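Please report on the ligand site in this model. Cover the pocket and the backbone too.

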Amino acid sequence: MSLAFAPHDISAGAVLTVDLSALRSNYRLVRDRVRPAEAAAVVKADAYGLGATRVASALLKEGCRHFFVAQLCETRDLRAHLPSAAQLYVLNGLLPGAEAEAIALGVIPVLNSLAQVEAWSAAAVQLGRRLPAALQVDTGMSRLGLSAGEVEQLRRHPAMLDGIDLVLLMSHLACADEPAHTANADQLAVFRQFAAQFPAIRRSFANSGGAFLDTTYHGDLVRPGIALYGADPVPGAVRPRPVVQLDARVIQVRTITANTGVGYGLTFRASAPTRLATIGVGYADGWPRGLSGRGAAYVRGVRAPIAGRISMDSMTLDISSLPDDALRAGDLVELIGPNQTLDDVAGDAGTIPYEILTSLSRRYARIYTEDETALSNRVARSA
Ligand SMILES: *Cc1c(COP(=O)(O)O)cnc(C)c1O
């Protein structure tokens, strides 16, 4: 059994714990919710910063067989880690000239334009074998995918699809995190018109938010990302289990006298003798600099506000409300955990959990645990 964190690992400024059992539980939550539709997993951007190969391996054990990344380069490592029965899709499609590498890797491009359709068809014809692809249609987000007019062109010139096995018709919701938004029903209606023209092809429409809309949004294959990684896909919906915990190391403790400044620009000035702890996480670690003077860490459940500006590699906490001997160098303080959730941090920073996760530092000590009770042990220990 691995510990949720390793107190002896003192080479990094913080410890990031990724709870793979919580990840798997969140996958089951979505999978059970959308049945009989199938649940894929979106593992783009290194599985939202958590490690795509670790995440994909864990989800394979839950029976997940469809994985989505955004860019072809993201498939290089991942393809080798997945069994051949697992499908790997590239959401952004292929830039001109990337077809040969996609074929060599055995991945499935999402074709987003007629030019991508033509290039993939030409590659298949040249190769003399059929190649799988997903076809994306634009239902209102205006980001990627064919317009109605372009689909019409495809219908009139079916030879454009020569050599292509369309395995998925997909589109993406712009407002799935707002269930009451009228754009959801509008996009669904447009998607159904497209789907009627490709009756034999499996449909994929919903992201995490879409999974928590009604079943008419689910199609055949749902593409959850953020819900797997522990953020609430729809405010007030079923809460996924937290997957990440971030604990920063105290690197120095000091007491300053009244009227002493703290940090760059001396934007914090102590009004009374103040006890400070400097911790080993800064904006280079993805901790938003916008939390300067606004955010906090938690020490055994007690809020310790950030004093002054966040530096590149560290920030300073006001720990005056804690007992004098509460913290020493090497101790851990909570940045993301039971007292301050991922959604809390994103809200305080004026951003979304996606951005907090994908910014998580590569230099954190990372611990992956599959132990059902690991994070709750960690909570008990710091309580
Ligand atoms: C990122 C992405 C998803 C996953 O979205 P979440 O909101 O994280 O569930 C699904 N589909 C497409 C096309 C995406 O770009």
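How far is an oxygen atom of the ligand from an N or O atom in the side chain of Arg-143? The distance is 3.2 Å. This is a predicted model, where local features need pLDDT of at least 70, side-chain atom pairs count only at pLDDT 80 or more, and totals for chains, interfaces and linings use all residues. Residues are numbered from 1 along each chain as its sequence is written, and side-chain values use heavy atoms, with hydrogens and water left out.

**Ligand contacts**

The table gives polar contacts, meaning pairs of N or O atoms within 3.5 Å.

| Side chain (N or O atom) | Ligand atom | Distance |
|---|---|---|
| Arg-143 | oxygen | 3.2 Å |
| His-172 | nitrogen | 3.4 Å |
| Tyr-354 | oxygen | 2.7 Å |

On its own, the ligand has 390 Å² of accessible area, and the protein covers 93% of that. These areas come from the Shrake-Rupley method with a 1.4 Å probe.

Around the ligand are 14 residues. A residue counts as near if one of its heavy atoms lies within 4 Å. Lys-44, Tyr-48, Ser-208, Ile-226 and Tyr-354 come nearest. By class, this shell has seven nonpolar, four polar and three charged residues. Tyr counts as nonpolar here, and Gly as polar.

**The pocket**

The ligand sits in the largest pocket; more than half of its atoms lie within 2 Å of the pocket's grid points. A pocket is an open set of points on a 1 Å grid over the protein atoms alone, with protein on both sides within 12 Å along at least five of seven lines. About 850 Å³ of space lies in this pocket, counted as the space filled by probe spheres set on the points.

The lining has 41 residues, each with an atom within 4 Å of a point. Among them, Tyr-48, His-172, Asn-207, Ile-226 and Tyr-354 lie nearest the centre. Helix H2 (44-48), helix H9 (208-211) and helix H11 (353-358) each give two or more residues to the lining. Helices are DSSP runs (H or I) of at least four residues, and strands (E) of at least two. The lining divides into 21 nonpolar, 12 polar and eight charged residues.

**Backbone**

Ala-45 is in helix H2. Its phi is positive, about 50°, although Ala-45 is not a glycine. The Arg-35 to Pro-36 peptide bond is cis, with omega near 10°. Pro-36 is in the loop between helix H1 (20-34) and strand S2 (38-39).

Note on methods. A polar contact is a pair of N or O atoms within 3.5 Å; within protein, one must be able to donate a hydrogen and the other to accept it, and residues adjacent in sequence count only if both atoms are side-chain atoms. On a 1 Å grid over the protein atoms alone, a cavity is a set of points where a 1.4 Å probe fits but cannot get out, and a pocket is an open set with protein on both sides within 12 Å along at least five of seven lines; lining residues have an atom within 4 Å of a point.
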